[in-house]
Amino acid sequence: MQVGVKSIYAGPMADVHIHVMRRGPEHSPPGIDEILGVIRRSGIEFAVVMPTPNDGRWSTHEEGVRLRNELAEASRGIVAQFCGSNYLTYWMHRAYHEGYTGRGLDAILKRLADDMSCGKYAGVGEIGLYHFKKRPGQNIIMYPPSFEPFLEMVRLVVSQKMWLTLHAEPVDEDGRSYEKEIFGGLELMYRHNPDLKIILAHTGMTTARKARELLKKYPGMMMDVVMENEMGGSQERKCKNPVVAINADGERYDWEYQKAHSARKNLKKAVNSRGKLYEDWSQLFTEIPERFLVGTDARFGHPGWDVKIYFGLIRRVRRILGALDAKAAQLIAYENAQKIFKHP
Ligand SMILES: [Zn+2]
């Protein structure tokens, strides 16, 4: 069962999960003014831009760093930045599978320490742990949170009291579960770093039940809520008459979506392919609204991602927030982000 839309949320908004990138010398990202214009016209009063977990694979990832810097500077306080994923995530993935030198690790941790103390960054992310193939051609990130260089990075982030946005998919495209690794890893991280501040990306891609359990267990955890698929919904719109059903295990599956995206079928979302909020998620948002943030996962500069897609993403978020009670909607839309980033 899904929750019907009562009204559209029309208040101020923050979006704490936006990617701005340059993917290869042959691709030109949109201009700073164009990106800022779209963000402003969507009614976003505060935005966080960051590299994707896979950014480090592209030779042009440092241009993404410059681009986000220019964007933040030109925005006069609207745009904040997270640092690190472009030189951390792919490094971790490679180090885990191919080995690494102490010098190599020191170099990335030194850069992270410098970035965190330079005053330009509000946090670190989007760090990927498990990032599987959800569409053709997507690159895989895979290493466990018990990997020592990752834990060293976490300790460093905690020492600077920074927020860490973490992307960890609990199931791969073949249905293999990584829940033990991820949830056990979070346990380990919090045991050693009780002050750790994590924003788990895309509501952890887990069930509402598991999300509630994690949030109750770890007071330093927030979750960002993605309301749309990462390529902006163009593929989802192709699904005619999606049907949402409950299987024998009480899990929800969207059958049309599953047929169209078999690789994604195992990941849990708060919203179905028609942009409707599932009832269990709606209950959780109402129960603990102070623990959720909006994170559209927009991809400015990604080849084929038109900046105008952003208007549709925000419209959809506003419709979904409109289905919640007004206080919960305000907190999730804006006030939580304001509290943790602007007036910590
Ligand atoms: Zn992302």
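This is a predicted model: local features need pLDDT of at least 70, side-chain atom pairs count only at pLDDT 80 or more; totals for chains, interfaces and linings use all residues.
How do the two helices sit against each other? H3 covers residues 85-98 and H4 covers residues 102-117, and they pack at an angle of about 155 degrees, with their axes 10 Å apart. Anything over 145 counts as roughly antiparallel, so that's what we call H3 relative to H4. And the crossing of H3 and H4 is left-handed.

Okay, zooming out to the whole chain. We have 12 helices and 12 strands. There are 344 residues in the protein chain, and 47% of them are buried. Then look at the contacts with a separation of 6 or more: 79% of those are between residues 24 or more positions apart.

Now, the inside. The largest nonpolar core has 91 residues. Which ones have the most contacts inside this core? That would be Ala14, Ala47, Val48, Ile199, Leu293, Val294 and Ile332. As for helices, H11, residues 309-321, gives the most to this core, with 7 residues.

Let me finish on one of those core residues, Ala47. What does alanine 47 touch, if we leave out residues up to four places away in sequence? You'll find Ala14, Asp15 and Ile18, then Ile39, and then Ile78 and Val79. Ala14, by the way, is also on that list of core residues with the most contacts.

Terms used: Residues are numbered from 1 along each chain as its sequence is written. Axes are lines fitted to C-alpha atoms, for helices over the stretch in contact, and angles run from 0 to 180 degrees between N-to-C directions. Helices (H or I, at least four residues) and strands (E, at least two) are DSSP runs, numbered from the N terminus. Angles under 35 degrees count as roughly parallel, over 145 as roughly antiparallel, 65 to 115 as roughly perpendicular and the rest as oblique. A crossing is left-handed if the near helix is turned anticlockwise from the far one by less than a right angle, and right-handed if clockwise. A residue is buried if 20 or more other C-beta atoms lie within 10 Å of its own, exposed if 12 or fewer, and partly exposed in between; C-beta atoms are placed from the backbone. Two residues are in contact if their C-beta atoms, placed from the backbone, lie within 7 Å. A nonpolar core is a set of buried Ala, Val, Leu, Ile, Met, Phe, Trp, Tyr and Cys residues joined through C-beta atoms within 7 Å.
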